[in-house]
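Hi,

Here's the structure I said I'd pass on.

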Amino acid sequence: MDTLYLDNAATTPVHPAALNAAWPFLTSEFGNASSTHELGEHAAEALADARTRLASALGARAGEIVFTSGGTEGDNLAVVGLALANPRGKHIVSARTEHEAVLAALEYLERVHGFEISWLAVAKDAALNPDDLDTALRDDTTLVTLMMANNEVGTLHPVRELAERAHRRGALFHTDAVQAIGWIPLNVHDLGVDALTLSGHKIGAPKGSGAVFVRSGLAIEPLLHGGGQEGDRRSGTENVAWAVALATALELLPASASEGPRVARLRDDFIERVLSTVPEARLTGSTHDRLASIASFTLAGVGGEAILLELERRGVIVSSGSACAAGRDDPSHVLTACGFTDDEARTSVRFSLAHTTSAEDLMRAARALRESVDAVSGLAGPAAS
Ligand code: PLP
């Protein structure tokens with residue numbers, strides 16, 4: 001049986017071209033980019049080239065890109081780094097539907113540095129009301145951090161508008177664009193953000209690759225102290241190979257302006273099929289402001305983990321909520337923040353599409369979900385059906 005991988009929001013396979021581009025910098029061209037000999041110079045040139053290409057894909061300048069080890073480090077650097085370097089005050093605005101990388105960074109700022117966080121209310125579909133941001137902003141608000149696209153339910157936030165409102169009151173704006181990249185055109189200056197986080201392994205670059213855009217001129221307190229690499233914003237010998245792979249993977253992404261709507265139509269057909277054939281399924285996330293790649297549901301009375309196993313027996317690989325919470329029986333923090341009960345939030349299942357996912361794949365996935373719900377309900381007996 002062929003495996004149908006629909007867990008692309010958790011991670012993606014490395015694109016062969018990204019690996020090929022990285023390979024010389026793991027082997028023959030293995031120099032340290034800080035070394036002054038020829039091998040080092042080659043590495044430094046490759047790193048500079050990757051930085052320029054990445055910056056140009058984002059509409060940024062090369063000096064505004066900091067290479068990181070991925071989305072978690074990027075979120076921590078942006079949130080903690082901007083908050084600590086900005087003398088304006090100790091107040092931050094965010095939402096409880098953010099990724100754990102942002103939530104835990106905020107919790108750290110609260111606990112260790114005495115910051116105060118205001119949490120914007122989210123509706124059942126994880127949407128925000130931008131007017132609530134105006135109400136939350138204060139004279140001592142240092143930073144607003146709100147993601148572009150939610151990783152569990154796919155709801156989009158109007159980042160450009162939110163950034164504008166934050167700036168009107170003098171606060172900085174960071175967005176986690178880890179899931180949005182590849183699906184939504186990303187131009188940092190059009191968006192008007194001060195910082196933006198990317199992760200490589202969601203777009204065909206290796207795990208452990210990533211970058212943060214930090215608007216030029218902004219002070220940022222580094223998390224890692226040492227040799228002063230990355231313009232003193234991230235010490236540590238640069239991972240040239242992964243930077244090259246990240247820039248290459250980013251350039252290989254299909255043009256998101258046309259690809260987003262095409263995949264969104266496939267996703268909508270899939271959602272419709274699931275809702276009409278699986279009565280236990282309820283769509284989570286927004287029906288209209290939604291990432292093209294994510295279809296997520298709760299399944300009334302049917303445990304998410306059991307469904308994952310049944311789907312896997314049928315060759316369909318998905319996840320329940322976020323991969324980061326997998327392996328623990330915690331209800332999805334995103335769904336509980338949206339007002340779902342803990343029990344409901346334990347029944348979530350997320351299908352995340354790739355650019356290569358076909359209509360046939362999604363018909364198979366919908367059929368497998370129907371069969372899996374039947375199998376789990378049968379096993380659990382009438383009480384759970
Ligand atoms: N932010 C979001 C929205 C994510 O979905 C993820 C990963 O799932 C991360 C941050 C963390 O990225 P990484 O796995 O590269 O640390």
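This is a predicted model: local features need pLDDT of at least 70, side-chain atom pairs count only at pLDDT 80 or more; totals for chains, interfaces and linings use all residues.

Let's start with the ligand. It has 14 residues around it, and the closest are Gly71, Thr72, Asp176, Ser199 and Lys202. Sorted by type, that shell has three nonpolar, eight polar and three charged residues.

Which atoms does the ligand's oxygen pair up with? For Gln179, a side-chain N or O atom is 2.8 Å from an oxygen of the ligand. On its own the ligand has 390 Å² of accessible area, and the protein covers 89% of that.

Now, which helix gives the most to the shell? That's H3, residues 71–85, with three residues.

H3 also packs against another helix, H4 (residues 100–113). Two packed helices are described by the angle between their axes and how far apart those axes are. Here the angle is about 35 degrees and the axes are 8 Å apart. The crossing of H3 and H4 is right-handed.

If you want to find the contact on screen, look at H3 residues including Thr72, Val79 and Leu84, which are part of the set that meets H4 residues such as Ala101, Leu106 and His113. By class, this contact has ten nonpolar, three polar and one charged residues.

Cheers

Note on methods
Residues are numbered from 1 along each chain as its sequence is written. Side-chain values use heavy atoms; hydrogens and water are left out. A residue is near a molecule or strand if one of its heavy atoms lies within 4 Å of it. A polar contact is a pair of N or O atoms within 3.5 Å; within protein, one must be able to donate a hydrogen and the other to accept it, and residues adjacent in sequence count only if both atoms are side-chain atoms. Accessible areas come from the Shrake-Rupley method with a 1.4 Å probe; for residues, only the protein chains shown count as cover. Helices (H or I, at least four residues) and strands (E, at least two) are DSSP runs, numbered from the N terminus. Ala, Val, Leu, Ile, Met, Phe, Trp, Tyr, Cys and Pro count as nonpolar, Asp, Glu, Lys and Arg as charged, and the others, Gly among them, as polar. Axes are lines fitted to C-alpha atoms, for helices over the stretch in contact, and angles run from 0 to 180 degrees between N-to-C directions. A crossing is left-handed if the near helix is turned anticlockwise from the far one by less than a right angle, and right-handed if clockwise. Contact means heavy atoms within 4.5 Å.
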